[in-house]
Structures are given as C-alpha cells and as structure tokens.
Amino acid sequence: MRVAVAKEIEVCERRVALIPDTVARLVKQGLEVWIESGAGERAFFTDAAYEAAGAKIITDTATLWSQADILLKVSPPQERGDGHSEIAWLREGAVLIGFLNPLGNPSVAQQLAERKVTAISMEMIPRTTRAQSMDALSSQASIAGYKAVLIGAAALPKYFPMLTTAAGTIAPAKVFVMGAGVAGLQAIATARRLGAVVEAFDIRPAVKEEVQSLGAKFVEVKLEEETTAAGGYAKEISEASKQRTQEVVAEHVKNADIVITTAQVPGKKAPILVPEEMVAQMKIGSVIVDLAAEQGGNCACTDPGKDIVWNGITIIGPINLPSSMPVHASQLYSKNITSLMQLLIKDKALDVNFDDDILNAACITHAGEIRVSRVREALQALVISK
Ligand code: NAD
C-alpha cells in the first residue's frame with residue numbers, strides 16, 4: 001500500500017499533508033510512503049527529514065500522482081499552468097484525501113467522480129466525539145483564531161493589557177469576538193492571555209457557558225427562532241433576527257478596540273454582521289479582523305486578502321491564516337489525516353467501509369458516483385446558475 005504526499009502548488013499554501021514524525025509511524029505500520037521533493041520545505045520539513053523517517057523522495061510529479069494508492073493533500077487538486085490536470089494523473093480506484101471544498105467548488109467532485117477516484121473531504125468529517133482526532137476543520141480553525149488576535153494586536157495602536165506605569169495607567173484593550181465556534185473560542189482565549197477585556201456574541205445560545213469559562217462576557221440576544229442546525233452548526237437566520245442582533249451588537253462593536261468576526265454558515269456566503277454604518281460608529285484606530293473573508297466576509301467593508309483603512313478603521317481580511325503557521329498547522333493536519341487513515345486500512349490493504357459513519361459522511365465520490373446529497377445539490381445549483 002503506497003501513500004503519497006503531493007507538493008502544494010498554490011502560492012498561499014505553505015502547509016504539507018504529512019510531517020516526518022507521522023511518516024515514521026506509517027512506515028512502522030508497513031506502509032510505503034512517497035513524498036514529492038520539496039513538499040515540506042515551506043513548512044520547514046526537509047526532504048532529508050522525510051528520508052530519515054523512512055519515506056522515498058519522488059522528483060517526478062506525474063509518477064507520484066499516478067502510482068499512489070492514497071494521495072494526500074491539503075488543498076484541492078489543480079489544473080496546472082503547464083496544462084496538466086492533477087485529477088487526470090490519479091488512477092481509477094485511488095483514494096484522494098484533502099480539503100476538497102466540495103460545497104464551494106462542486107465541479108472538482110464531479111471530475112473526481114468521472115475519474116472514479118474515492119475522494120475523502122476533510123471538511124465533511126462529522127463533528128462528533130469519535131471523529132475528534134480527525135477533525136481538521138477544528139485543528140485549523142483554532143490556529144486561525146489564535147493568529148487573528150496576534151495580527152489584530154499588531155495592527156492596534158495600543159497596548160493589550162492593563163499597565164500601571166510611572167507615566168500613568170493604561171486601560172486594557174477591549175476585544176469583541178463575533179461567532180464563538182472553534183476559531184472564536186481560541187480568539188477569546190488568546191485575547192484574554194494577552195490581557196484584553198473580552199466580550200463575545202453568537203446566535204447559538206449553547207456557547208454561552210464556554211465563552212464565560214474562558215473569562216469573557218457573553219452578549220446575549222434572545223431570538224424567536226431555532227438558530228442551531230444538525231451537527232451543532234448555525235442556521236441562516238431570518239431578516240428580522242438579523243436586525244434584532246444588529247441592534248444589540250452595535251453598541252459592543254462601537255466600544256471595541258478590536259472586533260474579530262468568525263461567523264459562518266456551512267455551504268453559504270458568510271452573514272454580514274458588521275454593516276458599513278456600524279463600522280462608521282467605531283473609534284478611529286480600531287481594528288477589525290474578518291476571519292470569514294474567504295466566504296465573502298462578516299464585515300461589509302472587508303476586501304478579502306487585503307488590509308485596508310476605511311475612515312480610520314483598519315479592516316483585515318486574511319485568507320488562509322492556518323498556512324501562516326505552517327509548522328503546527330501541518331503537524332495537527334498530519335495527525336488528523338493519519339487518524340482518518342486508520343479507518344481506511346485493514347491488514348495493510350485499502351478497505352473503505354461505508355458502514356462507518358465517519359467514512360460514510362466524508363467520502364464524497366466513489367466508483368464513479370457523487371455519494372453526498374449536499375454535494376450533488378451544490379453541483380446542480382452551479383449548473384443552473386451557468
Ligand atoms: P463555524 O466555523 O461554522 O461558525 C463559527 C461560529 O459562527 C459558530 O459558532 C456559529 O454559531 C457562529 N455564527 C453563525 N452565524 C452567525 C451569526 N449570524 N451571528 C453570530 N454568530 C454566528 O463553526 P465551527 O467552529 O466549525 O463549529 C460548528 C459546530 O461544530 C459547533 O457547534 C461546535 O461546537 C461543533 N464542534 C463539535 C466538535 C466535536 O464535538 N467534536 C468539534 C468541533 C466543533
């Protein structure tokens with residue numbers, strides 16, 4: 001059984017799917033591991049370190065893709081500048097594992113199905129207790145939450161902690177976190193560690209206790225509708241509820257030095273939580289870090305991938321923050337991937353068992369079919385929109 005790790009070719013992707021430590025464990029299990037030369041270099045893992053862990057370094061990309069039983073990646077397969085399609089390199093029946101973005105870009109799933117690849121999408125792993133060690137959305141979101149506070153703090157023209165100095169007392173920074181999922185909770189914890197006074201808001205009332213246990217104040221908005229969907233995710237809320245939440249949060253946004261927004265609804269454009277008129281009320285010098293920038297942004301003024309200054313407010317819309325901490329992001333992702341692979345391999349051979357609820361949910365294509373109804377629906381919507 002041959003497991004291969006491809007080099008990420010997207011400019012903004014510095015992570016790698018396996019790190020040398022986990023390679024050593026897979027080799028010990030009797031798997032053959034191939035690493036594309038340079039796959040780990042932007043995460044500071046050298047070819048020599050992979051070789052020492054027992055991997056074989058492959059310089060020919062097409063050979064690596066076409067001879068893999070399991071091909072591991074971080075981001076979805078690409079059409080290359082030189083005209084080659086990575087999907088076309090894969091052999092029929094091969095397994096591909098990565099963040100495949102099947103709801104955002106379902107045409108990749110269609111191509112994988114046509115190629116008869118068994119594709120497992122890390123985004124589709126259920127958020128259950130049993131799947132925790134494979135939950136790459138959480139491991140990477142946690143990094144994004146941490147880093148959001150650091151870049152916000154670096155952009156803020158103020159101290160974070162309260163300081164009593166000979167030259168006077170400095171008040172602590174006020175941080176307002178909107179969306180208290182995995183990224184939001186890590187942002188709260190990080191801002192607290194740096195000494196800020198933190199408030200947080202989420203439409204799911206279930207997070208109140210978690211927010212409070214991290215030392216932040218929970219801003220509560222009572223809504224007359226169910227805000228939690230299956231799997232604990234947030235639902236898209238009605239216009240009336242949106243208006244009600246905006247009335248309540250406006251005051252907290254106005255008083256904050258840093259607003260960190262993380263709100264997402266799976267498969268949908270990110271909700272606007274901070275409209276232009278709310279930004280206009282903020283103090284000049286304040287900072288917004290919009291972690292939903294890739295999904296369109298939670299702030300109406302966000303320009304994805306850019307740092308802008310709008311009427312004296314700095315608005316940062318980072319793309320792929322986990323990639324900016326590639327060592328630990330790769331370490332955690334590598335652990336998530338190897339945990340998942342334990343479900344796929346029996347007696348050193350591939351065994352994709354759809355009776356397993358994790359594989360059943362995460363395997364988006366198999367034997368020429370798109371298996372997941374949400375992905376089929378996303379594809380249909382794409383076809384209709386064209
Ligand atoms: P996410 O990235 O989908 O969204 C981030 C947060 O934004 C969520 O807390 C969501 O409620 C919130 N949000 C959405 N719309 C909003 C709005 N209009 N206003 C304010 N907030 C809004 O969330 P996530 O971090 O991926 O977590 C999703 C769910 O998965 C949560 O219930 C989480 O507890 C759960 N989870 C479970 C496990 C586990 O049991 N193993 C692990 C991780 C996450």
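Author: The secondary structure of the chain comes to 13 helices and 19 strands, where helices (H or I, at least four residues) and strands (E, at least two) are DSSP runs numbered from the N terminus. This is a predicted model, in which local features need pLDDT of at least 70 and side-chain atom pairs count only at pLDDT 80 or more, while totals for chains, interfaces and linings use all residues. Residues are numbered from 1 along each chain as its sequence is written, and side-chain values use heavy atoms, with hydrogens and water left out.

An automatic or database domain assignment sets the domain bounds, and the chain is divided into domain 1 (2-116 + 325-385) and domain 2 (141-323). The centres of domain 1 and domain 2, taken over C-alpha atoms, are separated by 33 Å. Where the two meet, 10 residues of domain 1 are in contact with 8 residues of domain 2, contact meaning heavy atoms within 4.5 Å.

The area buried between domain 1 and domain 2 is about 740 Å², with carbon and sulfur atoms giving 58% of it; buried area is the accessible area (1.4 Å probe) that two parts lose on being put together, summed over both. Of the area that domain 1 buries against domain 2, Cys12, Arg15 and Met325 supply 64%, more than any other three residues.

Across the interface of domain 1 and domain 2 the rule finds 0 salt bridges, a salt bridge being a side-chain nitrogen of Lys or Arg within 4 Å of a carboxyl oxygen of Asp or Glu. For the chain, by contrast, the count comes to 20 salt bridges. One of these joins Lys158 and Asp257, whose closest N and O atoms are 2.7 Å apart. Lys158 lies in the loop between helix 6 (136-155) and strand 7 (163-165) and Asp257 in the loop between helix 9 (239-255) and strand 12 (258-261), so this pair ties together parts that are 99 residues apart in sequence.
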